[in-house]
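I opened the file to take notes on strand pairing and nonpolar packing. The entries follow the order in which I looked things up.

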Amino acid sequence: MDALIDLSPAVPCPQNFNLAAYVLSAATKTPHKIALTVYEAGIARRYTYAQIVQAVFGAATGLRQAGISAGDRVMLRIGNTVDFPVCFLALAALDAIAMPCSIALTDREVMVLVGKTQPKAMICDPKLGLAGFDGLTLDSQQVQQFQNLFPARPILGDPNRPGYIIFTSGTSGQPRAVLHAHRAVWARRMMWAGWYDLTPQDVMMHAGAFNWTYTLGTGLMDPWTIGASAVIPNTQEPARIVADYAGGRGEYLSPPPLEFTAGCYKSLL
């Protein structure tokens, strides 16, 4: 079999760039399309692109008012719920640096990571608060209250600047903090056709944890960037049952609609 090799240069990343603005840019074309389905406890909760955009940039406004600024490191201790991408992208919009960690870690293990990276703040699931952390602490329910605020404008800048930190698994030693630039998400576009033929018509389901780069990229940021739909199971149900819901079968419970000013997201992206 002949190998196909494309040696043409990749399209360069824009010089004025923001990860969150780029990932959510497809929302301007399909605001009412389902962007995310989170399957949990027998219910598939669906969120449109318009809802996600308002939630992300509204949360960015609230996080900024709470004291988070560009360059601040913020630990995320949130599972596979809609709160994770909202917080992750809201921080990117502010030019803050999200640092997701596994919810399977113990408090002691999380404090080791805190000692290594010195985050200014931490956003936790209410069940996963960390008493030993002396920085700014918010729980994800507080951030939910920010989502209807007037949306913040994402901060554009050098695509090479720090964007987020992912911790390695630590299976071969202590977990290491790996810094990713904002442009890391732009580089993923080369995989859309060459790796898994992703299109805007696709529904992408990934069963991994959000703090894993593979899930975060393949399961969430890639589908949203191209305008597809992402499905994240937060459940121990069999895969075939989750697939039924992802494919449009079963009973759905939509979340309470976010207050949304039509067209406001178009001026942001």
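Below are my entries, beginning with the chain as a whole.

Entry 1, overall. I note that this is a predicted model. I counted nine helices and ten strands in the chain. Of its 269 residues, 49% are buried. I looked up the accessible surface, which comes to about 13,100 Å², and carbon and sulfur atoms account for 54% of that area. For contacts between residues at least 6 apart in sequence, I found that 70% join residues at least 24 apart.

Entry 2, strand β1. I took residues 34-40 next and found five of the seven buried. Which strands pair with β1? On the antiparallel side I have β2, residues 43-48, joined to β1 by six bridges. Ile-34 is opposite Thr-48 of β2. The two strands make a hairpin with two residues between them, and I read a positive phi of about 55 degrees for Ala-41 in the turn. I also found a parallel pairing of β1 with β10, residues 229-233, over four bridges. In that pairing Tyr-39 is opposite Pro-233.

Which residues have the most contacts inside the largest nonpolar core? I got Leu-63, Phe-88 and Trp-224, in a core of 60 residues. I then listed the contacts of Leu-63, leaving out residues up to four places away in sequence: Ile-68, Ala-90, Leu-91, Leu-94, Ile-123, Leu-138, Val-143 and Phe-146.

Technical notes
Residues numbered from 1 in each chain as written. Predicted model: local features only at pLDDT ≥ 70, side-chain atom pairs only at ≥ 80, totals over all residues. Heavy atoms only, no water. Buried < 20%, exposed > 50% of the residue type's maximum accessible area, 1.4 Å probe, protein only. Pairing = 2+ DSSP bridges. Core = buried A, V, L, I, M, F, W, Y, C linked by side-chain atoms within 4.5 Å. Contact = heavy atoms within 4.5 Å. Areas by Shrake-Rupley, 256 points an atom, 1.4 Å probe, with all protein chains shown as cover.
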